[in-house]
Amino acid sequence: MNKRIRVLHVAEAAGGVERYLQTLFKYSDKEQVENILVCSQNYDYEKFKRLADRVIVLKMAHDIQPSSDIKVERTLRRIIKQLKPDIVYAHSSKAGAFARIADLGLNNKVIYNPHGWAFNMQQSAKKQEMYKWVEKLSADFCDKIVCISDAERESALREKICKPSKLQVIYNGIDLEEIEKAASMSRVQLGIPEDAFVVGMVGRLSKQKAPDTFVKAAKLIKEKIPNAFFLMVGDGELRGQIEGLINQYDLGSSFLITGWVDNPTAYMKIMDVGMLLSRWEGFGLVLPEYMACGVPIVATNVDAIPNIIEDGVNGILIDKDNCLKAAQVSVEIYNEQILQRNLINKEKMRANLYGGKRLADQSVKMYKVLNV
């Protein structure tokens with residue numbers, strides 16, 4: 001039997017990266033790959049202990065904290081030297097910096113997956129240039145950069161982050177098996193009327209995901225559909241601001257913010273419309289999850305989203321920050337002016353393109369090429 005490839009994954013950011021790793025580990029071929037995870041304190045240790053061969057938790061700060069970051073670097077370098085992985089795989093920007101610095105001069109291969117380029121975020125031009133400079137500089141210290149969509153690869157090429165041969169596109173994967181067997185939440189237990197037209201969004205309550213646009217659209221939808229109900233699955237730094245906006249529009253009795261949940265697809269299954277109104281997006285993992293749940297999709301025409309959603313075929317694309325259009329399309333779906341059945345059938349077919357096994361298989365192929 002051939003020796004398993006030992007891959008040491010380093011991850012600080014939770015949320016989407018955490019779900020990505022759950023799927024990758026679940027579908028990895030255990031006879032070919034040994035997955036070891038070094039993660040931040042924000043990860044569910046018990047869950048990953050069941051999925052990975054080993055889990056090590058390090059206290060990592062999301063923002064830059066020099067004294068804390070230096071301790072993490074030293075500990076991580078010691079772990080790498082001790083475990084001698086064939087490949088160090090860094091996930092997202094902060095972990096990408098940690099892993100590449102800690103691994104300097106050591107004898108293994110390094111993969112970096114930014115999970116969405118930081119320089120594509122809406123921010124000052126000065127910050128964007130700083131992130132580009134950091135990515136260009138650190139690209140020399142890894143052997144492969146994984147882009148989670150074609151749009152992410154195009155961004156890297158446009159900004160000359162590295163030579164094209166270093167980039168590899170591996171689309172995000174979802175756990176289709178888990179989604180299929182997940183039981184739907186009960187409207188009754190959530191306090192949602194049985195006859196409600198449920199418009200939902202799943203994602204962090206942050207500037208990127210535009211929850212403010214969602215609430216503004218909700219106000220307009222409610223004027224046209226009195227029995228509309230709005231469901232936000234997630235949490236984040238803008239929660240207080242969003243709750244204030246909901247109250248300002250007198251929508252409190254028609255709104256539910258769940259906070260973080262372990263089973264977002266169970267909530268998707270009660271939605272009549274699923275929205276992703278991102279202002280920028282590296283992939284949008286929720287989109288194939290909506291598809292697999294058979295939820296009509298309204299999403300913004302930004303970055304990687306058009307790689308996944310073809311307007312009018314398996315979803316409807318709108319301009320970012322356009323609450324009026326988001327509301328208009330939702331009302332049309334309610335009135336079936338947009339043929340929901342056709343959208344849903346196309347969604348379910350396309351969802352299969354994003355299965356977790358495909359993600360794991362493509363990752364193993366990449367490991368083998370690097371490990372030759």
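View 1. The model is predicted: local features need pLDDT of at least 70, side-chain atom pairs count only at pLDDT 80 or more, and totals for chains, interfaces and linings use all residues. Residues are numbered from 1 along each chain as its sequence is written, and side-chain values use heavy atoms, with hydrogens and water left out. Tyrosine 354 is likewise buried, with a relative accessible area of 4%. Phenylalanine 283 and tyrosine 354 form an edge-to-face aromatic pair, 5.9 Å centre to centre with 75 degrees between the planes. Rings of Phe, Tyr and Trp (its six-membered ring) pair if their centres lie within 6.5 Å; planes under 30 degrees apart count as stacked, over 60 as edge-to-face and the rest as tilted. This pair links distant parts of the chain, 71 residues apart: phenylalanine 283 is in the loop between β11 and α12 (286–293), and tyrosine 354 in the loop between α15 and α16.

View 2. The whole structure contains 12 aromatic pairs. Tyrosine 171 and tyrosine 354 form a stacked one, at 5.8 Å centre to centre and 10 degrees between the planes. Tyrosine 171 lies in the loop between β7 (167–169) and α7 (176–181) and tyrosine 354 in the loop between α15 (340–351) and α16 (356–371), so the pair ties together parts 183 residues apart in sequence. Tyrosine 171 counts as buried, at 17% relative accessibility.

View 3. Helices (H or I, at least four residues) and strands (E, at least two) are DSSP runs, numbered from the N terminus. Six of the six residues of β8 (residues 197–202) are buried. Phe197, Val199 and Met201 cover one side, and Val198, Gly200 and Val202 the other. Strands pair if DSSP finds at least two bridges between them. β8 pairs in the parallel sense with β9 (residues 228–233) over six bridges, where valine 202 stands opposite valine 233. β8 also pairs in the parallel sense with β11 (residues 273–276), over three bridges; there, methionine 275 is the bridge partner of methionine 201.

**View 4. Charges over tyrosine rings.** A charge sits over a ring if NZ of Lys or CZ of Arg is within 6 Å of the ring centre and within 35 degrees of the ring normal. Arginine 100 lies over the face of tyrosine 112, 3.8 Å from the ring centre. The charged end of lysine 219 sits over the ring of tyrosine 249, 5.6 Å from its centre.

Key:
Buried means under 20% relative accessible area, exposed over 50%, partly exposed in between (1.4 Å probe, protein chains only).
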